[in-house]
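Subject: Structure handover

Hello,

Here is the structure I promised to pass on. Please open it first, then read my notes below.

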Amino acid sequence: MVSKKMLDLGTKRSVIRDIFEYGSMLAKEIGAENVLDFSLGNPSTPAPREVANTIKYMVEELSPKEYNSYTSSAGNTDTRIAVAKNLNKRFATDYNENNIFMTCGAAASLNIIFKAIIESDDDEIIVNIPYFPEYKVFIEGQGGKPIFAKCSENLHLDIDEIESKINENTKAVLINSPNNPSGVIYPKENLEELAELLQEKQKEYSHPIFLISDEPYRELVFTNEKPEFLPNIYDNTLVAYSWSKSLSLPGERIGYILVPNKVKSHEDVFAAVGGAARVLGYVCAPSMFQYVIKNCVDAQPNIEVYRTNRNILFESLPKFGYTVANPGGAFYMFIKSPSGDGNEFCERAKKYHMLLVPGEGFGMKEYVRLSFCVDTEKIEKSIDVFKKLMDEYNL
Ligand code: PLP
């Protein structure tokens, strides 16, 4: 009666959602202030003031037609020009509106890209571990095969491993830096090595291999590491961007796809992006938020609370004996379970009403993910819990 695949996807809830539901139930029992819920990646810092000011101006001063109407499917030209100018200023590029396709956030950007480039069910997309679990759903949903490549010990890209996964069916390599779940920012040399490898492999197989850069955390950086702008390192790069995290607008569904002119057959790729968005039913990105972005694209997120939380955790946890990936960005800490089993560590933490996400869903079952986009008070409370947990292993 209904598609088995869709039924499965609709009934099997994500582990993260399950933990979040459990946390909400626990909060009713013991009070929200006593639950250390670090499960969801929902930004805790408010959107910059410019966003509210723009919305106020929009509804008070403009006619509804100016912000409620359909836009062209790629988005308002003025918004796309504003996005292109912002990128040009920061990354010394020369984009214009014809390189930018406005979308309903990164999830939409990725699904559209996969739909646009996947030609047959043999097509493979290499996904680097650890990875955002929805990648598997998106790639399979758009008819491709996700092929997982393990990372190096410091959670950077393992270039030899990626090389071993590339074959004539490889359509793209997907990367995400700063990374969810590890917060790691891939260093320039690591990315340059990847670019070199992809160039060689494109020649060997005589077809383009895309690099898909999923960048919802590009603006959330806590150290002096700088996330590289991938199109400046590798020509066949497609960027999936979103303001869900950088402007704290996850519910507003707004992002873009960048198709630079240096991408092979870029006009066809851009047209296929339009076709894919059409098939997937994205008539256009929300026009109110296209208007907001036109006016707020240069606004800076206030990430001080994330930085404070990250510093407290990163200063304390290693002292207690935890192995922790160095989170240069995003708002996640990826912590190795002292027992080597992330599921077991999450269960133990529950006794102290601390909710973490097992690393299994991100491709590394020995780890757990902590989202530190929460009030600092909760992070401070968690330090004692981490100490007690480590003491339990040392008994
Ligand atoms: N990619 C990564 C790595 C993410 O962490 C998320 C959301 O958490 C997304 C994509 C989806 O973002 P959006 O809310 O913009 O669809």
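The shell around the ligand divides into 6 nonpolar, 5 polar and 3 charged residues. Please keep in mind that this is a predicted model. In total, 14 residues surround the ligand. The closest are A106, D214, Y217, S242 and R253. Which element gives the largest share of this shell? That is helix 6, residues 105–117, with 3 residues.

D214 puts a polar side-chain atom 2.6 Å from a nitrogen atom of the ligand. S244 also uses its side chain: a polar atom there lies 2.8 Å from an oxygen atom of the ligand. At A107 the backbone takes part instead, with a polar atom 2.8 Å from a ligand oxygen. How much of the ligand does the protein cover? On its own, the ligand has 400 Å² of accessible area, and the protein covers 91% of that.

You will find R253 in the loop between strand 7 (237–242) and strand 8 (255–258).

Next, the pockets.

The ligand takes up space in the largest pocket. The volume of that pocket is about 1500 Å³. Its lining counts 44 residues. Nearest the centre of the largest pocket lie S14, I16, F132, P133 and E134. Several elements give two or more residues to this lining: helix 1 (4–11), helix 2 (15–30), helix 6, helix 7 (134–141) and strand 11 (357–358). Which of the elements gives the most? Helix 7 does, with 6 residues. By class, the lining of the largest pocket has 20 nonpolar, 11 polar and 13 charged residues.

How many cavities of 30 Å³ or more does the structure hold? There are 2. The largest cavity holds about 40 Å³ of space. Its lining is V127, N128, P130, Y131, Y135, L174, I175, N176, N179 and Y186. Strand 3 (124–128) and strand 5 (170–176) are the elements that give two or more residues to it. Strand 5 gives the most, with 3 residues. The lining of the largest cavity has 7 nonpolar and 3 polar residues, and no charged ones.

The second largest cavity has a volume of about 40 Å³. S73, F101, M102, T103, C104, I112, A277, Y282, V283, C284 and A285 line it. Strand 2, residues 100–103, gives the most here, with 3 residues. By class, this lining divides into 9 nonpolar and 2 polar residues, again with no charged ones.

Last, two peptide bonds to check.

A cis bond joins I129 and P130, with omega at about -5 degrees. P130 lies in the loop between strand 3 and helix 7. P130 is also one of the residues that line the largest cavity. The bond from N180 to P181 is cis as well, and its omega is near 25 degrees. P181 lies in the loop between strand 5 and helix 9 (188–205).

Finish with the cis bonds at P130 and P181.

Best wishes

How values were computed:
Residues are numbered from 1 along each chain as its sequence is written. This is a predicted model: local features need pLDDT of at least 70, side-chain atom pairs count only at pLDDT 80 or more; totals for chains, interfaces and linings use all residues. Side-chain values use heavy atoms; hydrogens and water are left out. A residue is near a molecule or strand if one of its heavy atoms lies within 4 Å of it. A polar contact is a pair of N or O atoms within 3.5 Å; within protein, one must be able to donate a hydrogen and the other to accept it, and residues adjacent in sequence count only if both atoms are side-chain atoms. Accessible areas come from the Shrake-Rupley method with a 1.4 Å probe; for residues, only the protein chains shown count as cover. On a 1 Å grid over the protein atoms alone, a cavity is a set of points where a 1.4 Å probe fits but cannot get out, and a pocket is an open set with protein on both sides within 12 Å along at least five of seven lines; lining residues have an atom within 4 Å of a point. A molecule sits in a cavity or pocket if more than half of its atoms lie within 2 Å of its grid points. Helices (H or I, at least four residues) and strands (E, at least two) are DSSP runs, numbered from the N terminus. Ala, Val, Leu, Ile, Met, Phe, Trp, Tyr, Cys and Pro count as nonpolar, Asp, Glu, Lys and Arg as charged, and the others, Gly among them, as polar. Grid points are joined across faces, edges and corners, and a volume is the space filled by probe spheres set on the points.
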